[in-house]
Amino acid sequence: SDGWETKRRRGVTSETHDWVVVRLTGQGIVDRLELDTNWFKGNFPDTARVVGRDGDGEWRELLPRRKLMAHTRHLYVEELVDRGPFTELRLEVFPDGGVSRMRVFG
C-alpha cells in the first residue's frame, strides 16, 4: 500500500540492483505499463527495467532499462518490447530506491 523502498547500500554501482517478482492472476498480454515514483523525491531508482516469463519459461524483456524521475508516473506503451504472454513480471531497480507502484494493463 505504501510502495516498495529498498535499503541504500554502500559500494553501490550502476549494475548493482534489487528486484521483486509479481505473479499475475493469470496469463496475459501487456498493453500498457506504469511505474510510479510518487512521493519518492530523494530516494528513487536511477533506472528500472521489467522482464517477464510464462510459467517456468525463460525471462524475456518487457521494458528495457529506462531512466526514472522523482515523484513521477512513468507510462510505457510504445517502449514495450515483448508483450507476452506472461504469468510473472520482475521489476528491477538500479541501483536501489523507492517505487510507489507498478501497474500492468492488458
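1. A salt bridge is counted when a side-chain nitrogen of Lys or Arg lies within 4 Å of a carboxyl oxygen of Asp or Glu. E88 forms one with R23, the closest N and O atoms being 3.1 Å apart. E88 lies in strand β7 and R23 in strand β2, so the pair ties together parts 65 residues apart in sequence. E88 is buried at 6% relative accessible area, while R23 is exposed at 66% (buried is under 20%, exposed over 50%, partly exposed in between; 1.4 Å probe, protein chains only).

2. This is a predicted model: local features need pLDDT of at least 70, side-chain atom pairs count only at pLDDT 80 or more, and totals for chains, interfaces and linings use all residues. Residues are numbered from 1 along each chain as its sequence is written, and side-chain values use heavy atoms, without hydrogens and water.

3. Four strands form an open antiparallel sheet in the order β2-β7-β4-β5 (strands are DSSP E runs of at least two residues, numbered from the N terminus; two strands pair if DSSP finds at least two bridges between them). β2 (18-28) and β5 (60-67) are at the edges with a single partner strand each, so one side of each has no neighbour in the sheet. Seven bridges join β2 to β7 (residues 86-94), and W19 has E92 in β7 as its bridge partner.

4. The salt bridges number ten. R60 pairs with D82, with closest N and O atoms 2.6 Å apart; R60 is in β5 and D82 in the loop between β6 (73-76) and β7. R49, E61, R90 and E92 form a salt-bridge network.
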